[in-house]
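Dear colleague,

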Amino acid sequence: MEIVHIFGECLYAIKYDGETKNEFRRLFDLWNDPEYLEDFFNEHQKDLNGGFWNTSGTFDAMMRTFDYAEQLEEQLKKLAESKNSKHLPGLEAIFKNLHNSQSSVYTLNLSKAKATWLRIYALRMEKDVYLITGGAIKLTLLMEVRSHTNEELRKIKMCRDYLLKQGIVDHDGLIEELEI
Amino acid sequence: MSKVLDKIKKIASNEDYSWLDEARVRLRNKAWRKRSFQIAARILVEIRRQKPINGMTQKMLAEKMGVAPQYINKVVKGKENLTLETIAKFEEILGITLINITEPEVQYDLEIQDFADDQKISNYQEASDSSKGYFYKIFKFNQEDNFKYPIEDDSFIPYAKLNRNDLLGKVKAIGFALNKITTEQFAVIEDNFPQDENEIGIGINFRFTASKSQKMLGVFTTCTFQVEEKQFLVVEASCHFKIKPQDWENLLNNENNELTVPKGLLVHLATITVGTTRGILHAKTGNTSFSKYHLPIVNVGNIIEEGIVFKFDNKA
């Protein structure tokens, strides 16, 4: 795997072996790909109809994803083009802690007001260095219960191990916990 | 620079800033891109739906369209700026609608506003005779069917929504409050009571009044039941509506001293009054031999043909 600088001074993303794009680009490509989304939502029909999301089917879910991705991209683009794009102070506002406990994993939170099933996962080191490890369309409460989100947990662990192995951080404890 | 950042910079293999360029392109073209995405989504869902029925696949679709499979693959990626001709072809082959253009409609909302008690007015002066409008229609019913099936079929289209394109001026909303209900008359003429006749006629008559000083509209509904043009049951009720002052001013032409009330508002107020009249008839005839006669659902829009211009005389 490789670490790739994507924008600002402190935002990086992983590019996994066998992939042509880093996770950040790959995710937005997927979320704008009707073919991928149609397959995905067809496979996860039961989660769509589970009640929480109140969708009317695959087509509706696809259009919602398009809108969610557009909103997210708009938000990140503003950040990237802002005067403080070097240090990206706004990143702190849009990342939140993945687990409600001591943890160093953060999910990109689109907005407190809107419910969205798009997730971008990242590791944060020190105060303001972020490494995007992956992302998913999360339709269930827990990541462990679905293979595609469980895979993201595996990638997070793999990246954490990589950071330690490369000596970027000395130990887990140096990664700050943050609640947003 | 922090220690961690320093280390990451050394470790990072390269930079990849293309996301920002890609995002800019996506967001700049979002209007047609969304349409392209929508069309792609619809096509994909339809292919999946038809597959068990006729074996539809992207390859089959390409053959039917007379294009290469790679083209279909591009289309379903949602990035093609499709021509109308191509869209029409997809619609024809898949039997779906991808673009739906509806007729323009002019719609206005009628709001129901609460008035404070001190604004309620119990009486008002009617405008002069020249300010009243009359509308009248007879319905015929088969008594055996208990008034369920009218002989004139268009009588039973239920009142649904207000869509009127004859709204004069730029009034978009008219606020009104129900101020008073009056039972104007109720009469049973037993000598004319139907014996063996199957056909009962029901006449609906609307009369409208307006008061400039009170900013009120009155709707009088008369319902008559008759056999061979002999009335045996008559009920008349009225509802009196206070119009929101600013909206009244929008309808009023001070120069000519005229109030133009659009058809849509008349229909709406008349529909409320018909319902009120229906209730009064029901209450009056309950537990009597006349209880089987009720005011059926009527399409008020078919009876009231146009708006009214009330001409106030200078005293009103």
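Subject of these notes: aromatic pairs

A:Phe40 has a relative accessibility of 6%, so A:Phe40 counts as buried. Please keep in mind throughout that this is a predicted model.

The ring partner of A:Phe40 is A:Tyr36; the two form a stacked aromatic pair, with 6.1 Å from centre to centre and 25° between the planes. An angle under 30 degrees is what counts as stacked, which means that this pair falls in that class. Both residues belong to helix 2 of chain A (residues 34-43), where they are four residues apart, or about one turn of the helix. A:Tyr36 has 29% relative accessibility and therefore counts as partly exposed; the cut-off for buried is under 20%.

The next pair is in chain B. B:Phe193 and B:Tyr293 pair edge-to-face, at 6.1 Å centre to centre and with 80° between the planes. Where do the two residues lie? B:Phe193 is in the loop between strand 4 (173-188) and strand 5 (199-211) of chain B, while B:Tyr293 is in the loop between helix 8 (263-285) and helix 9 (300-303), so the pair ties together parts that are 100 residues apart in sequence. B:Tyr293 counts as buried because its relative accessible area is 1%. B:Phe193, at 21%, counts as partly exposed.

Over all chains, the structure holds 20 aromatic pairs. Ring pairs also link residues of both chains into a cluster: A:Phe7, A:Phe24, A:Phe28, A:Trp31 and B:Trp19.

There is also a charge over a ring to look at. B:Arg207 lies over the face of B:Phe220, 4.1 Å from the ring centre.

Chain A as a whole

Chain A has six helices and six strands. Starting at the N terminus, its elements follow the order β-β-α-α-α-α-α-β-β-β-β-α. The chain has 180 residues, of which 55% count as buried. As for contacts in chain A between residues at least 6 apart in sequence, 52% of them join residues at least 24 apart.

Regards

Technical notes. Residues are numbered from 1 along each chain as its sequence is written. Chains are lettered from A and ligands numbered from 1 in the order in which they are written. This is a predicted model: local features need pLDDT of at least 70, side-chain atom pairs count only at pLDDT 80 or more; totals for chains, interfaces and linings use all residues. Side-chain values use heavy atoms; hydrogens and water are left out. Rings of Phe, Tyr and Trp (its six-membered ring) pair if their centres lie within 6.5 Å; planes under 30 degrees apart count as stacked, over 60 as edge-to-face and the rest as tilted. Buried means under 20% relative accessible area, exposed over 50%, partly exposed in between (1.4 Å probe, protein chains only). A charge sits over a ring if NZ of Lys or CZ of Arg is within 6 Å of the ring centre and within 35 degrees of the ring normal. Contact means heavy atoms within 4.5 Å.
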